[in-house]
Amino acid sequence: MDRLQEPRNDVPSKKKTLYQIRPELREYLLKYDREVKLPVQYSDLLRFNLSTPLRDKEGRDTLWHTVYYDESEMKELFPNLTYIYALMNTDGDTAVMEHLSVARIDYCTFANTRPFRIRIINRLNDNYDHFYIKIADASRVYGLELEHVLSPNRIIYMTDGNTLIEEHIPGLPGDEFIARRLDTLKFNQIRICKEFVKFNERCFVRLLGDMRSYNFVVDITPDIEGNQYRLRAIDFDQQSYEGRLKMYLPHYFKENVNLVQLGMKHMDETTMRQYQEEERTLIANRFRSGYYRLEDLFKIMNIDTLSHPEKIQQLRTELSDHYKNPVFKSCDTMGQLVFECLGQVVGKRGT
């Protein structure tokens, strides 16, 4: 097997602790049909015997490796992977599998959950789609659940023991969007600024951290006049893990500075506050509509270990200062801090 290359020096260090899914969370996943018996486990994909660096169309290193398997491994593995794809998209209807096949498997070595990306191709029209197989991490599961319930987006994912399956979230990578798509009509730029403010608010309210430009994508929808934009998180590893409050505010990251500068050009403080309040109202409405599901989730999250004590202590102090509310200082877990942050939004708008 070719030796996998070491991570590049210009890639941010990924040192977050992985946390096991506790039995109570497993019961929650079963209740809401997220825990499913799968024919492939993450460990099965580690049996590749060759790997080659994957480069983009311009020859740049993507930090992914395409991996290859013995013929005997492929005969067993590939049909099971197409079944998982059918399970995600057609509730396991095997009738759609006849014309589907695995086109490629890529492996990422630097991310926390060391994901495999599975490319599924439709042989009838050569159209392809992707999904991911990762190491199951409790932080990421909480992040996916909160995204599913509290954001305008819905997430397809499944777990089985130490294995996590996730759908591919379509969109233009944030760093590419910033580099290539900000030079557009003023009308579009204003809509981009509006969406970045709303995205910033969604991340902060539910304490989703590390939303640098390469950890979110931009979904662009042509509209009657100009385009509509939706920023979508694709990395949920940093769900309520870091101790610094600024880690949960995307506008503080240097990778997003061009979006911040665009906002300063097109928005004043009054407009920004309007968009923040709009998004907080939407979050409060989603909280109320998903109340019983969130109640089940926070019963577990509030007692789960998702970070180190020193990070929890730092964040609760900074949140207490930010909201000028001492309730945060009585929180002992990251789950309790997330719950109290949501309370700041929902409580002001009634229950």
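Q: Is Cys-341 buried or exposed?
A: In this predicted model, Cys-341 counts as buried, because its relative accessibility is 0%.

Q: And which cysteine sulfur is closest to the one in Cys-341?
A: The closest cysteine sulfur belongs to Cys-331, and at 8.4 Å from the sulfur of Cys-341 it is too far for a bond, since a disulfide needs the two sulfur atoms within 2.5 Å.

Q: How many disulfides does the structure hold, then?
A: The structure holds 0 disulfides. Cys-203, for instance, is in no disulfide, and its nearest cysteine sulfur, which is that of Cys-341, lies 13 Å away.

Q: What about Cys-203 itself, buried or exposed?
A: Cys-203 counts as buried, because its relative accessibility is 2%, and the cut-off for buried is under 20%.

Q: Changing topic: in what order do the strands of the open sheet come?
A: The open sheet has 7 strands with antiparallel pairing, and their order is β1-β2-β3-β4-β5-β7-β6. The edge strands, each of which pairs on one side only, are β1, covering residues 50-55, and β6, covering residues 157-160.

Q: How much is the twist from one strand to the next?
A: From one strand to the next, the twist averages 30°.

Q: Can we look inside the sheet, and how many bridges join β2 to β3?
A: Strand β2, which spans residues 61-68, is joined by 3 bridges to strand β3, which spans residues 100-108, and these two strands run antiparallel.

Q: Which residue in β3 does Thr-66 stand opposite?
A: Thr-66 stands opposite Asp-106, which is in β3.

Conventions
Residues are numbered from 1 along each chain as its sequence is written. This is a predicted model: local features need pLDDT of at least 70, side-chain atom pairs count only at pLDDT 80 or more; totals for chains, interfaces and linings use all residues. Side-chain values use heavy atoms; hydrogens and water are left out. Two strands pair if DSSP finds at least two bridges between them. Helices (H or I, at least four residues) and strands (E, at least two) are DSSP runs, numbered from the N terminus. Axes are lines fitted to C-alpha atoms, for helices over the stretch in contact, and angles run from 0 to 180 degrees between N-to-C directions. Buried means under 20% relative accessible area, exposed over 50%, partly exposed in between (1.4 Å probe, protein chains only).
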